[in-house]
Amino acid sequence: PWTRSSSTRGASASVMAVSINDDLSLRLDALNRLAPKFAPLLLNSAALQAELEQNMAVLSMFNYGAFVTQLDGTAIASVPLSAPRIGVNYIDRDYVAAALKDGKATISGPVVGKALHAPVVGMAVPIRDARGAVIGALAGVIDLGKSNFLDKIADARYGKGGTFLLVAPQQGLVVTASVKAMIMQRLPA
């Protein structure tokens, strides 16, 4: 029987990795473009919430919505409103901490969401004032249990029985896989 060479497997994985990287970059770019809109509104929670809701077209790239934090990491605006994030502090999440403390746009590994209590991947970018100082963060959240752009891995198969995994090596966890039951599973040592 005909089998694919390991170089074909590597090429398939590389193409998929480039596609996922492009999707992640697209989402970070969207957050970076939106963040400056929120800077003048951080002291007015009603206006901030309204602005967040007006940008749902862009934020729809995040299937569990988005939120804005103040400098201490506490969420002060959130979409959808059904996600109980307002008043919750996210400074202990690496992606929020990196945006607030280091001024870096960051993508998390898979974590159990504080509001959702299910596996999520978060992304955050800093919100800066007119002088460039970090004053808050804008975060988007992807629920790994719902349909999302990472499903191209879950839907992918290699040959008759092969599968794909997207792993977060720093955390030693499976982010998503062709077999959904593998999400959040620890990698072998």
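How many helices and strands does the protein chain have?

## Overall make-up

The protein chain contains five helices and eight strands. The model is a predicted one. Read from the N terminus, the order of elements is α-α-α-β-β-α-β-β-β-β-α-β-β.

Of the 189 residues in the protein chain, 46% are buried. The chain exposes about 9500 Å², and carbon and sulfur atoms supply 58% of that area. Among contacts with a separation of 6 or more, 48% join residues 24 or more positions apart.

Strand β1 covers residues 66-70 and pairs with β2 in the antiparallel sense, over four bridges.

Why is β2 described as largely enclosed by the rest of the structure? Five of the five residues of β2 are buried, so the strand is largely enclosed.

R93 lies in the loop between β2 (75-79) and α4 (94-102). Is R93 buried or exposed? R93 is buried, and it has no salt bridge. The nearest side chain of opposite charge belongs to D92, 4.2 Å away. A salt bridge requires a side-chain nitrogen of Lys or Arg within 4 Å of a carboxyl oxygen of Asp or Glu.

Leaving aside residues up to four places away in sequence, R93 touches V111, V112, G113 and K114.

## Salt bridges

Side chains of opposite charge can pair when their charged atoms come close. How many salt bridges does the structure hold? There are two.

One of them joins the side chains of K114 and D92, at 2.7 Å from N to O. This pair links distant parts of the chain: K114 sits in the loop between β4 (111-112) and β5 (119-128), while D92 sits in the loop between β2 and α4, and the two are 22 residues apart. K114 counts as partly exposed because its relative accessibility is 26%. D92 has a relative accessibility of 53%, so D92 counts as exposed.

Another salt bridge is formed by the side chains of D129 and R131, at 3.4 Å from N to O. R131 has a relative accessibility of 74% and therefore counts as exposed; the cut-off for exposed is over 50%.

Note on methods:
Residues are numbered from 1 along each chain as its sequence is written. This is a predicted model: local features need pLDDT of at least 70, side-chain atom pairs count only at pLDDT 80 or more; totals for chains, interfaces and linings use all residues. Side-chain values use heavy atoms; hydrogens and water are left out. Buried means under 20% relative accessible area, exposed over 50%, partly exposed in between (1.4 Å probe, protein chains only). Contact means heavy atoms within 4.5 Å. Accessible areas come from the Shrake-Rupley method with a 1.4 Å probe; for residues, only the protein chains shown count as cover. Lys and Arg count as positive and Asp and Glu as negative; His and the chain ends are not counted. Two strands pair if DSSP finds at least two bridges between them.
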